[in-house]
Amino acid sequence: LQGAAAVVHAAGALSSDPARLGRDALAATRALIEALPRVGGPRLVHVSSVAVYAAGAPGGTVDERSPLEPRPQMRDGYARAKLAQEALVRE
């Protein structure tokens, strides 16, 4: 990270294994966020997933203005991990 102007973070696991999701999505994101200030704070670009958005009307458009999933407990582990990852980045 030293000397980087930006970091593109696209890490995650397409998995239903909670331990793998926790390690590859959440722990990796937390470690990256904690490291950024120590190396001069390069800009973080986080790549998420369409899985974080609430289901809309069939045939509707989903974009960045679409609401996030309000009931993550109803979604699979991947969607829950990506929602948690986004929360870490927003904090």
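This section describes the fold, the packing and the charged pairs of one predicted protein model.

The model is predicted, so that local features are reported only at pLDDT of at least 70 and side-chain atom pairs only at pLDDT 80 or more, whereas totals for chains, interfaces and linings use all residues. Residues are numbered from 1 along each chain as its sequence is written, and side-chain values use heavy atoms, with hydrogens and water left out.

The secondary structure consists of two helices and two strands, arranged along the sequence in the pattern β-α-β-α. Helices (H or I, at least four residues) and strands (E, at least two) were taken as DSSP runs and numbered from the N terminus. Along the principal axes, the C-alpha atoms fill a box of roughly 45 × 30 × 20 Å. The protein exposes about 5900 Å², of which carbon and sulfur atoms supply 55%; accessible areas come from the Shrake-Rupley method with a 1.4 Å probe, and for residues only the protein chains shown count as cover. Of the 91 residues, 31% are buried. Here buried denotes under 20% relative accessible area, exposed over 50%, and partly exposed the range in between (1.4 Å probe, protein chains only). Contacts were defined by heavy atoms within 4.5 Å. Among contacts between residues at least 6 apart in sequence, 62% join residues at least 24 apart.

In soluble globular proteins, nonpolar side chains tend to be buried together. A nonpolar core was defined as a set of buried Ala, Val, Leu, Ile, Met, Phe, Trp, Tyr and Cys residues joined through side-chain atoms within 4.5 Å. The largest such core in the model comprises seven residues, namely Ala13, Leu21, Ala25, Ala51, Tyr78, Ala79 and Ala81. Two or more residues are contributed by each of α1 and α2 (77–90), and the largest share, three residues, comes from α2.

Leucine 26 lies in helix α1 (residues 18–35). With neighbours within four places in sequence again excluded, the contacts of leucine 26 are Leu21, Ala81, Ala84, Gln85 and Leu88. Leucine 26 and proline 37 are separated by 11 residues in sequence and by 18 Å in space, C-alpha to C-alpha.

Glutamine 85, one of the contacts of leucine 26, is placed in helix α2. The relative accessible area of glutamine 85 is 0%, and this residue is therefore classed as buried. Residues up to four places away in sequence not being counted, glutamine 85 touches His9, Ala11, Ala25, Leu26, Thr29 and His46. The side chain of glutamine 85 is also joined to that of lysine 82 by a polar contact of 2.6 Å. A polar contact is a pair of N or O atoms within 3.5 Å; within protein, one must be able to donate a hydrogen and the other to accept it, and residues adjacent in sequence count only if both atoms are side-chain atoms.

Valine 8 belongs to strand β1 (residues 6–9) and counts as exposed because its relative accessibility is 59%.

Side chains of opposite charge can pair when their charged atoms come close. With a salt bridge defined as a side-chain nitrogen of Lys or Arg within 4 Å of a carboxyl oxygen of Asp or Glu, the count comes to five salt bridges. Arginine 20 pairs with aspartate 24, the closest N and O atoms being 3.3 Å apart. These two residues are four residues apart in helix α1 and are therefore separated by about one helical turn. Arginine 20 is partly exposed, at 37% relative accessible area, whereas aspartate 24 is buried, at 18%. Arg20, Arg23 and Asp24 are linked in a network of salt bridges.

In helix α2, glutamate 86 and arginine 90 are likewise four residues apart, and hence about one helical turn. Their salt bridge has its closest N and O atoms 3.4 Å apart. Glutamate 86 is buried at 14% relative accessibility, while arginine 90 is exposed at 55%. A further salt bridge joins the side chains of aspartate 63 and arginine 65 (2.5 Å, N to O), and arginine 65 is exposed, with 72% relative accessibility.
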